[in-house]
Amino acid sequence: MSLLGEDIMTEEGEFVINIGPQHPSTHGVLHLKVWLDGEMIKKVQPHLGYIHRSIEKMSESLSYRNFIYATSRMDYLSAHINNQACALCVEKGLQVEVPPRAQIIRILMAELTRLSSHQLWWGCTGLDLGAVTPFFYAFREREAVLAIMEESCGARLTQNYCVPGGVMYDIHPNFQNRVKDVIKQIKSKFQEYDDILSGNVIFEQRTKGVGYLSPEDAVSFGCTGPTARGSGVSCDVRKWFPYDGYEKVQFKEILETGGDCYARYMVRMAEMKQSVYIIEQLIDHIPEGDFQAKTKAVIKLPKGEFYQRVETARGELGVYIVSDGAASPYRIKYRSPNFSNLSALGHMATGSKIGDLVAIMATIDLVIPDVDR
Amino acid sequence: MFLKEYFGTIFRSVRSLLKGMKLTGYYFTHPKEIHTEEYPDNRATLQMFDRFKGEVVMPHDDNNEHRCTGCQACEIACPNGTIKIITKQELQPDGKKKKAIDTFVYHLELCTMCNLCVVACPSDAIVMAQTFEHSVYDKKQLKKVLNKPGSKIMEGVE
């Protein structure tokens, strides 16, 4: 009786089970090895590598225009923001001014991406905790947001809309009207979200006080995004290191001090409203002009190191490019938010019940391809 | 005091459940607000967005002429090696030889629909089509030749 070379029952009487890699509640191929004492979790150990595609190594043989598309496959729910991070990093090396129109389009698309990502998360959180109906309500609005993406970018998830210097092509003539319609629809549905899940007694009992993460631990584990902001750590890259003109937009950084699953839930619910607020400010003020700055056909970055961070729907994504002056990067490293957030999972889950593990995983909002890359 | 709190909790809990049930009940009694798309029954009327990236195609006009000069810009722009262009030397009427495409091979199974080839093309020879039902039984069927047999390059395209 052995399991990965170890006994199922340890000498202290702890029971070892595997959750995943094919478990529906792990949202992908996450493999968690869990040590249990009865129903209490003693230790959680994530096993990675099931969906490793060597995107970083692959990018070393691609040109600066070509490597961007692969980042859509990392955190596929915030694909546009990943592309934006890469484009910004290349622009930093080239020292290209992005036209204001392209900047506004990028912000609008990024916030729409954040909105759709949080909507999917909201539905899946309900699903993980046993409520099936929210999933359908979430996908109803998400579908409308993805239709905007499909109309302007040509794809629903893996858009590849950002290119060094701006965006690939101009927005669709229908874009503004469609966004306004969708925003109106979404705003009227926020109350429904709260009615069906936020105020539900079963949901509250399963999330309040579960998976506590102190602010100190959030910082030491390197958590970012809503996971850290649920513990009261101010870490919004859009506020601290504004990019693409986020400094001109008004929005609030959402902070909750609870540190439990419910606090992280409330952060994301409020972030959706902030995204809508940002879109409302910009949708009528898209400046005229070019949607793309002129760049050379073959992009060559000067010798050096370039780093750019952005706020994806899950936290801080960092793109680090080392260039030796050639047409393709010498080395690329992505600092992905999910990898750091996952590292805090063991700490959060230790001492809670096995059923709470799913609630904790749901509110960290893990996307496994981003963990492995 | 304890009893008041006890029954208060029960009351609040039941109310929160009823609030949720009211919402689901509303949609149950209003089937017109339910959003579903009846694919594949609506195949005949289904209209994709004009920018939707389904697959790369090479448009030909009525005279079986395309716009591809065989410059291989798309082949260089492709990150996955999806496109392979085999060129040939074609004899012009005035006796000069000119580069032209023999076969434009497109591997749909490798394509990620990133649109970089279409953007890179200097003569607008390839575009994205809105088809999306690509499933076949044999992988070989996904290897496509985009230029039609016997096709020529259009007059005036350099």
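The model is predicted: local features need pLDDT of at least 70, side-chain atom pairs count only at pLDDT 80 or more, and totals for chains, interfaces and linings use all residues. Residues are numbered from 1 along each chain as its sequence is written, with chains lettered from A and ligands numbered from 1 in the order in which they are written.

**Select chain A.** Look for 15 helices and 10 strands (DSSP runs: H or I of at least four residues, E of at least two, numbered from the N terminus). The C-alpha trace spans about 65 × 50 × 35 Å along its principal axes. Of the 373 residues, 49% count as buried (20 or more other C-beta atoms within 10 Å of the residue's own, C-beta atoms being placed from the backbone).

**Show the side of chain A that touches chain B.** Here 20 residues of chain A are in contact with 20 residues of chain B (C-beta atoms, placed from the backbone, within 7 Å). Pick α5 (133–153) and α6 (175–198) of chain A: each supplies at least two residues of this side. α5(A) gives the most, with five residues.

**Move to chain B.** Colour domain 1 (2–33) and domain 2 (55–153); these bounds come from an automatic or database domain assignment. Their centres, taken over C-alpha atoms, are 60 Å apart.

**Zoom in on α1(B), residues 2–29.** Its end C-alpha atoms are 40 Å apart, in agreement with the 40 Å that 28 residues should span at 1.5 Å a residue (1.5 Å times one less than the number of residues). The helix is hardly covered: the count of buried residues among its 28 is one.

Definitions and conventions
Two residues are in contact if their C-beta atoms, placed from the backbone, lie within 7 Å. A residue is buried if 20 or more other C-beta atoms lie within 10 Å of its own, exposed if 12 or fewer, and partly exposed in between; C-beta atoms are placed from the backbone.
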